[in-house]
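Dear colleague,

Please find below the structure that I am handing over to you. My notes on it follow directly after.

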Amino acid sequence: KYKIVYDRNTCIGAGVCVALAPKIWELNREDNKADLIGGKPTDEPEIFEFEFEEKDLIMHLDAAKGCPVNAIHIVDKKTGEKLI
C-alpha cells in the first residue's frame, strides 16, 4: 500500500494533478487550490493523506511529479520511503 501526503498550503492551483488524476483531484472554486477527494485530514493543518493500491501507483506518481511546487508526496507505507 501507498499513500499520498498532500500539503494544501503549498498548492498554487496549477491543476496538473487534476488533469492527470481527475478521480481524486479537483480544483476548489473558492480558492483555486486542489482538493484531494477522499483525503483524510492529519494532525497538521492543511495536510491530507489518501491511501491507495499499487495498481494506481503510476497515475499518482505522475500527478506528484507534475506538481510545480512539490505539494504532493507519495510514500510507501510498508517501508516508509518517500518516493516523491
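Throughout this message, contact means that heavy atoms lie within 4.5 Å. The model is predicted: local features are reported at pLDDT of at least 70 and side-chain atom pairs at pLDDT 80 or more, while totals for chains, interfaces and linings use all residues. Residues are numbered from 1 along each chain as its sequence is written, and side-chain values use heavy atoms, with hydrogens and water left out.

Overall fold

The protein contains two helices and six strands, taken as DSSP runs (H or I of at least four residues for helices, E of at least two for strands) and numbered from the N terminus. Their order along the sequence is β-α-β-β-β-β-α-β. The radius of gyration is 12 Å, close to the 12 Å given by the globule rule for 84 residues, so the protein is as compact as a globular protein of that length. That radius is taken over C-alpha atoms, and the rule is 2.2 Å times the number of residues to the power 0.38. The C-alpha trace spans about 35 × 25 × 20 Å along its principal axes.

Of contacts between residues at least 6 apart in sequence, 52% join residues at least 24 apart.

Surface and charge

The accessible surface amounts to about 5,200 Å², and carbon and sulfur atoms account for 50% of it. Areas come from the Shrake-Rupley method with a 1.4 Å probe; for residues, only the protein chains shown count as cover. Of the 84 residues, 39% count as buried. Here buried means under 20% relative accessible area and exposed over 50%, with partly exposed in between (1.4 Å probe, protein chains only).

There are 12 positive and 16 negative side chains, and the centres of the two sets lie 3 Å apart. Lys and Arg count as positive and Asp and Glu as negative, whereas His and the chain ends are not counted. Each charge is placed at NZ of Lys, CZ of Arg, CG of Asp or CD of Glu.

The nonpolar core

A nonpolar core is a set of buried Ala, Val, Leu, Ile, Met, Phe, Trp, Tyr and Cys residues joined through side-chain atoms within 4.5 Å. The largest one has 21 residues, and those with the most contacts inside it are Ile4, Tyr6, Trp25, Ile72 and Ile74. At least two residues of this core come from each of strand E1 (2-7), strand E3 (34-36), strand E5 (47-52), helix H2 (57-66) and strand E6 (72-76). H2 gives the most, with four residues.

Beyond its neighbours within four places in sequence, Tyr6 is in contact with Cys11, Trp25, Ala34, Leu36, Glu46, Ile47, Phe48, Ala71 and Ile72.

His60 belongs to helix H2 and is buried, with a relative accessible area of 2%. Leaving aside neighbours within four places in sequence, His60 is in contact with Ile4, Ile24, Phe50, Phe52 and Ile74. Its C-alpha atom is separated by 9.1 Å from that of Ile72, which lies 12 residues away along the chain.

Loops

The loop between strand E2 (25-27) and E3 holds Asn28. Leaving aside neighbours within four places in sequence, Asn28 is in contact with Arg8, Lys33 and Asp35. Asn28 and Gly13, 15 residues apart in sequence, are 8.6 Å apart in space, C-alpha to C-alpha. Asp31 is found in the loop between E2 and E3 and is partly exposed at 36% relative accessible area. From Asp31 to Gly13 the C-alpha distance is 8.4 Å, across 18 residues of sequence.

Two backbone angles deserve a note. Most residues other than glycine have a negative phi. Asn32, however, has a positive phi of about 60° although it is not a glycine. This residue sits in the loop between E2 and E3 and is partly exposed, with a relative accessible area of 49%. Asn70 also has a positive phi of about 60° without being a glycine. Asn70 lies in the loop between H2 and E6 and counts as partly exposed at 43% relative accessibility.

Finally, Glu44 is in the loop between strand E4 (40-41) and E5, where Glu44 is exposed, with a relative accessible area of 52%. The C-alpha atoms of Glu44 and Thr79, 35 residues apart along the chain, are separated by 22 Å.

With kind regards
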